[in-house]
Amino acid sequence: MKLTDHEKKTLDGGFGTGPQDAMQLLMTLGTVYDAERMIPVTTCHLGGRNVLLGGQENIDWMTDLYEGGARFQVFTSWNAGCCDFNLWKEMGLSEKLVEDQKRSDEIYVKLGAVPLGTCLPYYHGNLPMPGTSFAAGGSAGATFVNSMIGARGNREGSPSVVAASICGVTPEYGLHLKENRYGKVIVDLSGLDFAAMTLGDFSALGFYIGRTLVDKTPVIVGVPRQITQDQIRFLISPMPTGGAISLVHIVGVTPEAPSVEEALGHKKPEDTISVSRKDLQSSYEKLTTTRGGKVDLVAFGCPHCSIGQIQQIASLLDGKKIHSDTRLWVGTSRHYQTMAREMGYAKVIEKAGGLIIADVCVAPGAPFHLVKGVRTVAINSARGAYFIPGACGVEVIFADTKECIEAAINGKWRA
Amino acid sequence: MKISLQGRKIIGGQAEGEAIVTRQLISFLGGVDPDKGTVVERGHELEGQSITNKVFVFPQGKGSTSGPYVIYKMAKRKTAPSAIINVNAEPIIAVGAAMGKIPMVDRLDQNPLDLIETGDHVKVDGNRGVVEITKKKKSG
């Protein structure tokens with residue numbers, strides 16, 4: 001790999017052992033992917049901050065880097081953690097978990113992270129420019145920024161994002177290179193009735209596309225120009241879990257897909273598939289692990305809810321009462337939580353027995369298993385449903401928003 | 001008998017020790033106990049065997065992108081392998097070896113899974129990408 005003088009000096013320890021270790025890690029990644037050089041990153045977003053995901057090893061490693069003189073060199077925000085620092089008691093969590101999360105956060109603060117605490121960093125100040133490169137953990141956000149903004153980043157683990165932020169560079173491989181960003185398979189959605197589709201349906205559709213295409217970048221056609229950001233978020237966020245897709249072209253909508261030809265790089269597609277309502281239904285069935293009995297917790301917020309979604313949930317809960325044995329969490333950013341309070345939505349949701357929580361991942365870094373009595377979680381997200389059983393050790397029901405709210409009111413899944 | 005192989009440097013440094021070899025992929029997260037240094041993946045051909053201070057030879061890694069932390073933890077607790085030889089490295093094992101500062105090479109000029117057997121003495125020079133194998137004496 002060709003390095004600049006500054007990168008060489010970093011690798012030789014000229015700026016201390018922290019930057020040296022970080023550069024060594026990036027060199028390793030570059031070697032594995034046969035990268036020719038390093039390129040600058042403009043922003044970073046850290047996934048491993050959640051103490052349920054990163055753990056003590058992450059804290060130890062980052063402390064070593066910090067003590068070795070490392071600091072974040074570019075705008076670096078952090079992802080959702082595992083507890084709302086103000087509502088942890090209401091969530092049924094222990095003080096120890098809160099302390100663990102705070103202790104973990106300390107090292108990120110020292111290194112210079114911005115505490116956004118959400119998987120929607122691009123709505124809250126972490127927005128790389130089109131054509132520039134970024135490094136991000138949290139595959140939903142990375143896929144959104146790749147697809148909707150046209151900034152360039154790969155699916156990667158937390159350590160390499162930390163290293164990129166410390167060195168301000170990342171090896172040039174994968175989706176950083178324009179030639180790897182062209183679509184491979186045309187996905188025709190013109191057979192679907194978009195007007196009748198719920199957010200859950202968009203999520204089910206995204207999971208199906210991910211599962212079918214595995215790692216081939218889709219070029220989606222037949223989507224109305226009026227598709228909303230909420231719908232797009234639900235469509236693309238399950239693709240990295242159904243498969244390993246981190247970039248999605250929607251012709252006429254996303255910036256690198258003004259036409260089918262340009263999205264494909266003027267090459268022939270490897271395949272063309274069309275999706276029907278039945279395919280979409282298969283995601284609901286595949287991801288749901290239980291159909292019987294009690295629902296202990298209903299979760300919204302994978303990815304974190306926008307203010308529009310919170311409004312919808314509040315209107316569905318207005319005047320209703322959630323079952324006394326069931327919890328309902330609406331996961332969002334601190335900013336939208338504040339706004340929801342100002343706009344009165346928080347009051348409606350709390351009156352019904354639910355909580356609007358900020359700074360909390362509702363999957364895969366969710367603390368469901370740490371809340372007494374939670375064995376079954378219902379969620380309106382395919383991405384969430386994919387992670388929850390393995391990461392949290394509880395049963396999951398994947399259903400649309402309205403059905404989830406119905407389950408919260410009845411305390412059980414409909415017969 | 002000594003055999004020398006040339007490969008690609010992934011992580012520098014030199015180490016030697018007894019080889020432990022598998023043709024199956026390895027996930028450190030969930031597949032290896034970082035306290036004991038043993039493989040714990042159910043049904044894995046190395047299940048129950050220690051990899052601590054050994055030259056660990058396997059095709060490549062698999063599993064979660066959180067795997068590197070486990071390798072780092074093992075290096076801190078001195079339960080890690082002394083060196084890693086992969087057929088073709090992927091980022092999870094490579095990043096873990098970088099974090100734990102474990103010498104690592106891949107893409108050797110002959111398949112290490114054919115030439116190295118568990119129990120052979122193996123020297124890994126990560127700086128030059130060179131592997132030197134001393135075959136164990138055949139017993140009986």
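In chain A of this predicted model, strand β2 (residues 43-46) and β3 pair in the parallel sense over four bridges. Two strands count as paired if DSSP finds at least two bridges between them. Strands (E, at least two residues) and helices (H or I, at least four residues) are DSSP runs, numbered from the N terminus. Within this pairing, Cys44(A) has Thr76(A) of β3(A) as its bridge partner. Strands of a sheet pair through backbone hydrogen bonds, either parallel or antiparallel. The open sheet has three strands in the order β3-β2-β4 (chain A), with parallel pairing. Its edges are β3 (75-78) and β4 (134-136) of chain A, each of which pairs on one side only. Neighbouring strands of the sheet are turned against each other by 10° on average, direction ignored; the axes are lines fitted to C-alpha atoms, and angles run from 0 to 180 degrees between N-to-C directions.

Residues are numbered from 1 along each chain as its sequence is written, and chains are lettered from A and ligands numbered from 1 in the order in which they are written. Local features need pLDDT of at least 70 and side-chain atom pairs count only at pLDDT 80 or more, whereas totals for chains, interfaces and linings use all residues.

Chain A contains 17 helices and 14 strands. Of the 415 residues, 55% are buried, that is, 20 or more other C-beta atoms, placed from the backbone, lie within 10 Å of their own.

An automatic or database assignment gives chain A domain 1 (5-178), domain 2 (182-279) and domain 3 (288-410). The C-alpha centres of domain 2 and domain 3 of chain A lie 26 Å apart. Between these two domains of chain A, 13 residues of domain 2 are in contact with 13 residues of domain 3; contact requires C-beta atoms, placed from the backbone, within 7 Å. On the domain 2 side, α8 (199-213) and α9 (229-236) of chain A each supply at least two residues, and the largest share, seven residues, comes from α8(A).

The contact between chains takes 16 residues from chain A and 16 residues from chain B. On the chain A side, α2 (17-32), α3 (51-67) and α7 (158-167) each supply at least two residues.

Terms used. Buried ≥ 20, exposed ≤ 12 C-beta atoms within 10 Å, placed from the backbone.
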